[in-house]
Amino acid sequence: MSHIESGKYRLEESEIDISEMLTAIFRLVQGRAAQAGLYLQARVAKDLPRLKADPKAFKQIVLTLLSNALKFTKAGGHIYVLPALTPEGDLSIRVVDTGIGIKDADLARITLPFERVGEALTRRQPGAGLGLTLVHALTGLHGGTLQLQSKVGVGTVATVTFPHWRLMK
């Protein structure tokens with residue numbers, strides 16, 4: 001995080017096979033989801049274009065979003081990974097969960113460093129409060145965005161969007 005904030009972090013870009021990368025990431029967390037009693041599904045189309053991005057940063061972004069979903073979704077809950085092309089031609093990757101959710105008042109603060117809000121504090125979940133800060137920063141370095149929508153007791157949708165000019169047709 002300090003390298004990003006100081007401007008010293010440099011993306012090491014290459015062409016990523018999005019379907020392949022998401023499938024590999026999905027396999028990494030499948031066991032954890034099963035142990036936690038969660039239903040995890042990835043709807044990854046094989047015909048997604050390639051993405052010019054930093055593979056380590058891309059993996060960190062998706063793993064962090066999935067880890068948060070796993071951490072804050074109770075047994076019996078559902079988590080979906082939904083990559084798609086937007087009508088504007090950008091790539092969006094949504095991680096949807098049926099977790100505890102985030103209060104509207106907390107959504108604006110949750111990407112700030114060391115912010116742990118709501119039940120993240122009361123449930124004594126591990127973490128320093130840097131996950132979404134890192135996702136926001138890494139996505140921004142790619143020219144993309146992070147958007148969070150949430151409702152307490154219903155769940156959260158975390159969407160990272162990479163701009164169309166990063167896609168290789």
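Modeller: Start with a cut-off. A residue is buried under 20% relative accessible area, exposed over 50%, and partly exposed in between. Take Asp17: its relative accessible area is 27%, so Asp17 is partly exposed. Keep in mind that this is a predicted model.

Biologist: How much of the protein counts as buried?

Modeller: Of its 169 residues, 46% count as buried. The accessible surface comes to about 9,000 Å². Carbon and sulfur atoms hold 53% of that surface.

Biologist: Now the chain itself. How many helices and strands does the protein have?

Modeller: Six helices and eight strands. Their sequence pattern reads α-β-α-β-β-α-β-β-α-α-α-β-β-β.

Biologist: What share of the contacts comes from residues 24 or more positions apart?

Modeller: Count the contacts with a separation of 6 or more. Residues 24 or more positions apart supply 69% of them.

Biologist: Let us turn to sheets. How do I read one?

Modeller: General idea: strands of a sheet pair through backbone hydrogen bonds, either parallel or antiparallel. Here, three strands make an open sheet, ordered β1-β3-β8, with antiparallel pairing. Its edge strands are β1 and β8, each pairing on one side only.

Biologist: How many bridges join β1 to β3?

Modeller: Four, and the two strands run antiparallel.

Biologist: Which helix lies across β1, β3 and β8?

Modeller: That is α2, residues 18–35. Helix α2 runs at about 65 degrees to β1.

Biologist: Next, salt bridges. What is the idea?

Modeller: Side chains of opposite charge can pair when their charged atoms come close. The cut-off for a salt bridge is a Lys or Arg side-chain nitrogen within 4 Å of an Asp or Glu carboxyl oxygen. By this rule the protein has four.

Biologist: Which residue forms a salt bridge with Arg166?

Modeller: Glu13, with the closest N and O atoms 2.8 Å apart. Glu13 sits in the loop between α1 (2–6) and β1 (14–17), and Arg166 in the loop between β7 (155–162) and β8 (167–168), so the pair ties together parts 153 residues apart in sequence.

Biologist: Are those two partners buried or exposed?

Modeller: Apply the opening cut-off. Glu13 has 34% relative accessibility, so Glu13 counts as partly exposed. Arg166 has a relative accessible area of 5%, so Arg166 is buried.

Biologist: Which residue forms a salt bridge with Glu15?

Modeller: Arg50, and the closest N and O atoms are 3.3 Å apart. This pair links distant parts of the chain, with Arg50 in strand β3 (residues 50–53) and Glu15 in strand β1, 35 residues apart. Arg50 counts as partly exposed because its relative accessibility is 34%. Glu15 counts as partly exposed too, at 42%.

Biologist: How far apart are the closest N and O atoms of Asp17 and Arg50?

Modeller: They are 3.8 Å apart, and the pair forms a salt bridge. Again distant parts of the chain are linked: Asp17 is in strand β1 and Arg50 in strand β3, 33 residues apart.

Biologist: Which residues do salt bridges with shared partners join into one network?

Modeller: Glu13, Lys52 and Arg166.

Key:
Residues numbered from 1 in each chain as written. Predicted model: local features only at pLDDT ≥ 70, side-chain atom pairs only at ≥ 80, totals over all residues. Heavy atoms only, no water. Buried < 20%, exposed > 50% of the residue type's maximum accessible area, 1.4 Å probe, protein only. Contact = heavy atoms within 4.5 Å. Areas by Shrake-Rupley, 256 points an atom, 1.4 Å probe, with all protein chains shown as cover. Pairing = 2+ DSSP bridges. Axes fitted to C-alpha atoms, helices over the stretch in contact; angles between N-to-C directions.
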